[in-house]
Amino acid sequence: MAIEAASSLHRPIKIWTDRLSSLMAILTPKSHHSMVREIQTLLLSHKHTHLRWLKAHVGYLGNEYAGQLAKETITKGDPFFLPKPISYLKSEIRSAALSIWQDN
(Lines give C-alpha, C1' and ligand atoms only; values in the text may rest on other atoms or scores of the structure.)
Protein backbone atom coordinates (compact mmCIF):
# COMPACT_ATOMS: atom_id res chain seq x y z
CA MET A 1 0.00 0.00 0.00
CA ALA A 2 2.87 2.37 0.78
CA ILE A 3 4.43 1.77 -2.64
CA GLU A 4 1.14 2.48 -4.40
CA ALA A 5 0.58 5.63 -2.33
CA ALA A 6 4.12 6.82 -3.02
CA SER A 7 3.72 6.30 -6.77
CA SER A 8 0.96 8.93 -6.90
CA LEU A 9 3.42 11.59 -5.67
CA HIS A 10 5.51 11.36 -8.88
CA ARG A 11 8.82 12.04 -7.13
CA PRO A 12 11.54 9.92 -5.50
CA ILE A 13 10.30 8.32 -2.29
CA LYS A 14 12.08 6.29 0.41
CA ILE A 15 10.02 3.88 2.50
CA TRP A 16 11.77 2.99 5.75
CA THR A 17 11.20 -0.28 7.62
CA ASP A 18 12.78 -2.05 10.58
CA ARG A 19 11.94 -5.46 9.08
CA LEU A 20 15.23 -6.57 7.60
CA SER A 21 13.86 -10.06 6.94
CA SER A 22 11.10 -8.56 4.78
CA LEU A 23 13.62 -6.57 2.76
CA MET A 24 15.76 -9.67 2.31
CA ALA A 25 12.72 -11.61 1.09
CA ILE A 26 11.98 -8.86 -1.45
CA LEU A 27 15.57 -9.13 -2.70
CA THR A 28 15.13 -12.87 -3.30
CA PRO A 29 14.45 -13.24 -7.04
CA LYS A 30 12.63 -16.58 -6.83
CA SER A 31 10.36 -16.07 -3.84
CA HIS A 32 7.39 -18.40 -3.47
CA HIS A 33 5.31 -15.88 -1.53
CA SER A 34 2.68 -14.09 -3.59
CA MET A 35 2.89 -10.97 -1.43
CA VAL A 36 6.66 -10.72 -1.95
CA ARG A 37 6.23 -11.21 -5.71
CA GLU A 38 3.55 -8.50 -5.75
CA ILE A 39 5.89 -6.07 -3.96
CA GLN A 40 8.70 -6.91 -6.38
CA THR A 41 6.41 -6.19 -9.34
CA LEU A 42 5.29 -2.89 -7.82
CA LEU A 43 8.88 -1.81 -7.21
CA LEU A 44 9.81 -2.63 -10.80
CA SER A 45 6.98 -0.46 -12.10
CA HIS A 46 7.67 2.38 -9.64
CA LYS A 47 11.38 3.01 -10.16
CA HIS A 48 11.44 6.12 -7.94
CA THR A 49 10.29 4.24 -4.82
CA HIS A 50 13.09 2.82 -2.70
CA LEU A 51 12.91 0.63 0.39
CA ARG A 52 15.37 1.30 3.21
CA TRP A 53 16.15 -0.39 6.53
CA LEU A 54 16.54 1.27 9.90
CA LYS A 55 17.49 -0.40 13.15
CA ALA A 56 14.49 -1.23 15.35
CA HIS A 57 13.99 0.02 18.89
CA VAL A 58 16.41 2.92 18.59
CA GLY A 59 13.92 5.64 19.45
CA TYR A 60 13.02 6.97 16.01
CA LEU A 61 9.75 8.82 16.54
CA GLY A 62 8.28 7.76 13.19
CA ASN A 63 9.27 4.15 13.81
CA GLU A 64 7.62 4.18 17.24
CA TYR A 65 4.42 5.57 15.73
CA ALA A 66 4.50 3.00 12.93
CA GLY A 67 4.84 0.24 15.54
CA GLN A 68 1.83 1.60 17.39
CA LEU A 69 -0.21 1.66 14.16
CA ALA A 70 0.88 -1.90 13.34
CA LYS A 71 -0.29 -3.10 16.75
CA GLU A 72 -3.66 -1.40 16.23
CA THR A 73 -3.99 -3.00 12.81
CA ILE A 74 -3.34 -6.43 14.26
CA THR A 75 -6.05 -6.03 16.85
CA LYS A 76 -8.61 -4.06 14.82
CA GLY A 77 -7.79 -4.72 11.16
CA ASP A 78 -9.03 -7.35 8.75
CA PRO A 79 -7.17 -10.64 9.15
CA PHE A 80 -5.28 -12.18 6.25
CA PHE A 81 -3.34 -15.39 6.11
CA LEU A 82 -0.04 -16.14 4.43
CA PRO A 83 0.52 -19.70 3.25
CA LYS A 84 3.33 -21.56 4.96
CA PRO A 85 6.42 -22.05 2.79
CA ILE A 86 7.08 -25.48 1.34
CA SER A 87 10.29 -25.76 3.41
CA TYR A 88 8.21 -25.45 6.60
CA LEU A 89 5.74 -28.09 5.44
CA LYS A 90 8.57 -30.47 4.46
CA SER A 91 10.11 -30.02 7.91
CA GLU A 92 6.78 -30.76 9.62
CA ILE A 93 6.22 -33.89 7.50
CA ARG A 94 9.78 -35.10 8.12
CA SER A 95 9.38 -34.54 11.87
CA ALA A 96 6.04 -36.39 11.98
CA ALA A 97 7.39 -39.31 9.92
CA LEU A 98 10.45 -39.60 12.16
CA SER A 99 8.26 -39.58 15.26
CA ILE A 100 6.02 -42.36 13.85
CA TRP A 101 9.06 -44.38 12.78
CA GLN A 102 10.65 -44.08 16.24
CA ASP A 103 7.38 -45.09 17.93
CA ASN A 104 7.16 -48.22 15.77
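The model is predicted: local features need pLDDT of at least 70, side-chain atom pairs count only at pLDDT 80 or more, and totals for chains, interfaces and linings use all residues. Residues are numbered from 1 along each chain as its sequence is written, and side-chain values use heavy atoms, with hydrogens and water left out. Helices (DSSP H or I, at least four residues) and strands (E, at least two) are numbered from the N terminus.

**Nonpolar patch**
- L20, M24, L27 and W53 form a nonpolar surface patch of about 430 Å².
- Patch residues have over 30% relative accessible area and no salt bridge; like charges are joined within 9 Å, and nonpolar side chains (Val, Leu, Ile, Met, Phe, Trp, Tyr) within 5 Å.
- Areas come from the Shrake-Rupley method with a 1.4 Å probe; for residues, only the protein chains shown count as cover.
- Helix α2 (residues 20-27) gives the largest share of the patch, 3 residues.
- W53 sits in strand β2 (residues 49-53).
- W53 is partly exposed, at 40% relative accessible area.
- The classes are buried (under 20% relative accessible area), exposed (over 50%) and partly exposed (in between), with a 1.4 Å probe and protein chains only.

**Salt bridge**
- The structure has 1 salt bridge, defined as a side-chain nitrogen of Lys or Arg within 4 Å of a carboxyl oxygen of Asp or Glu.
- R19 and D18 make a salt bridge through their side chains, at 3.9 Å from N to O.
- R19 is exposed, at 52% relative accessibility.

**Second largest pocket**
- Its volume is about 180 Å³, taken as the space filled by probe spheres set on grid points, which are joined across faces, edges and corners.
- A pocket is an open set of points on a 1 Å grid over the protein atoms alone, with protein on both sides within 12 Å along at least five of seven lines; lining residues have an atom within 4 Å of a point.
- The lining includes L23, I26, L43, H46 and R52.
- Strand β2 supplies the largest share of this lining, 4 residues.
- α2, α3 (34-45) and β2 each supply at least two lining residues.

**Residue pairs**
- P29 lies in the loop between α2 and α3, and is exposed at 75% relative accessibility.
- The C-alpha atoms of P29 and Q40 are 8.6 Å apart, with the two residues 11 apart along the chain.
- V36 belongs to helix α3, and is buried at 12% relative accessible area.
- V36 and A25, 11 residues apart along the chain, have C-alpha atoms separated by 6.8 Å.

Methods:
1 Å grid on protein atoms, 1.4 Å probe; cavity = no way out; pocket = protein on both sides within 12 Å on 5 of 7 lines; lining within 4 Å.
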